[in-house]
Amino acid sequence: MQDRYAGDIGDFAKYGLLRALCGDDLRLGVLWYLVPDEPSDGNGGVTGYLDSVEAGLRECDPDLFDELRGLVATERSVAEVQRRRILPERTSFFEHEAPAGLRERRRWVQDGVRAVADADLVFADPDNSLRDPSARTGRTEHKKHAYYDEIQPCWRRGQSLMIYQHTARLGTFEEQIASRVRDLCTHFDGAPGLMILRWRRVVSRAFLIIPAAAHADRLTARVDALLDSPWGQRQQGYATPHFELVAYE
């Protein structure tokens, strides 16, 4: 996550989904995987959706839409997201910048896992995607990934997981998701109840949800309700819904 992305259309998707999943009873923990802002390359600038209430997005979550419009008009940062209480009350945040060095990274992960210990659902928000631990090096660009073994401790102690997955340019969306499903099953005890939601607006993204046994029924029901709401219904002018449940084998 970079501060310059705060409030863009990807944030609208991720925060809307988290609000829907947590409801009033599941406590949220957020591992931001924060990295410094990079020079602008056009990414993070997708905020035009906030200029039009006719795009079929505001009706998905009017309060969230209006809060993000205010955020983009003032300060785009993780700190401002937290200050505005855009995410559910009682959310725990770990907002320390991800280090590049491997030893520092291990301490950073331990601190993050402790910071979200009281959460029911842990959201990991790397800039890019999940990777196998064998791919981890001390190179700076690898700060932008999350690694399976970094999130496993949360799963082992009975927390549900939601992980942001940026879709790369290598391979089709379906090929990338198939590979990710295989890895999730390997690293998370078969990933029981795995649900993958695809966000279809502007840039295709995936959100990987692995419910813990204690939350499985609630999270499944809330995904179903989301897909029956404006989030998952095709709006006028669009060929696809905003969110779709991904089928996989």
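Select residues 173-187 first. This is helix α6, with 15 residues, and from first C-alpha to last it reaches 21 Å, close to the 21 Å expected at 1.5 Å a residue. Keep in mind that the model is predicted.

Stop 1: Show the side chains of Phe173, Gln176, Ile177, Arg180, Val181, Leu184 and His187, which are buried in α6. They cover an arc of only 140° around the axis, so they sit on the same side of α6. Now turn to the face away from that buried side. Glu175, Arg182 and Thr186 are the exposed residues there.

**Stop 2: α5 against α6.** Keep both helices selected. Two packed helices are described by the angle between their axes and the distance between the axes. Here the axes of α5 and α6 come within 11 Å and cross at roughly 55°. The crossing of α5 and α6 is right-handed. For the contact itself, select Tyr148, Gln152 and Arg156 on α5. On the α6 side, pick Arg180, Asp183, Leu184 and His187.

**Stop 3: α4.** Move to residues 102-115. Helix α4 has 14 residues and reaches 20 Å from its first C-alpha to its last, close to the 20 Å expected at 1.5 Å a residue. Which residues of α4 are buried? Select Arg105, Trp108, Val109, Gly112 and Val113. Their arc around the axis is only 135°, which puts them on the same side of α4. The face turned away from that side carries the exposed residues Arg103, Arg106 and Arg114. To see what the buried residues of α4 pack against, display β1 (28-31), β2 (92-94), β5 (146-147) and α5.

**Stop 4: Ile163.** Finish in strand β6, where Ile163 lies. Is Ile163 buried or exposed? Its relative accessibility is 0%, so Ile163 counts as buried. Leave aside its neighbours within four places in sequence, and the contacts of Ile163 are Phe123, Ala124, Leu130, Ile151, Ala206, Phe207 and Leu208.

Conventions. Residues numbered from 1 in each chain as written. Predicted model: local features only at pLDDT ≥ 70, side-chain atom pairs only at ≥ 80, totals over all residues. Heavy atoms only, no water. Helix = DSSP H or I, 4+ residues; strand = E, 2+ residues; numbered from the N terminus. Expected span 1.5 Å × (residues − 1). Buried < 20%, exposed > 50% of the residue type's maximum accessible area, 1.4 Å probe, protein only. Arc of directions from axis to C-beta. Contact = heavy atoms within 4.5 Å. Axes fitted to C-alpha atoms, helices over the stretch in contact; angles between N-to-C directions. Left-handed = near helix turned anticlockwise from the far one by under 90°.
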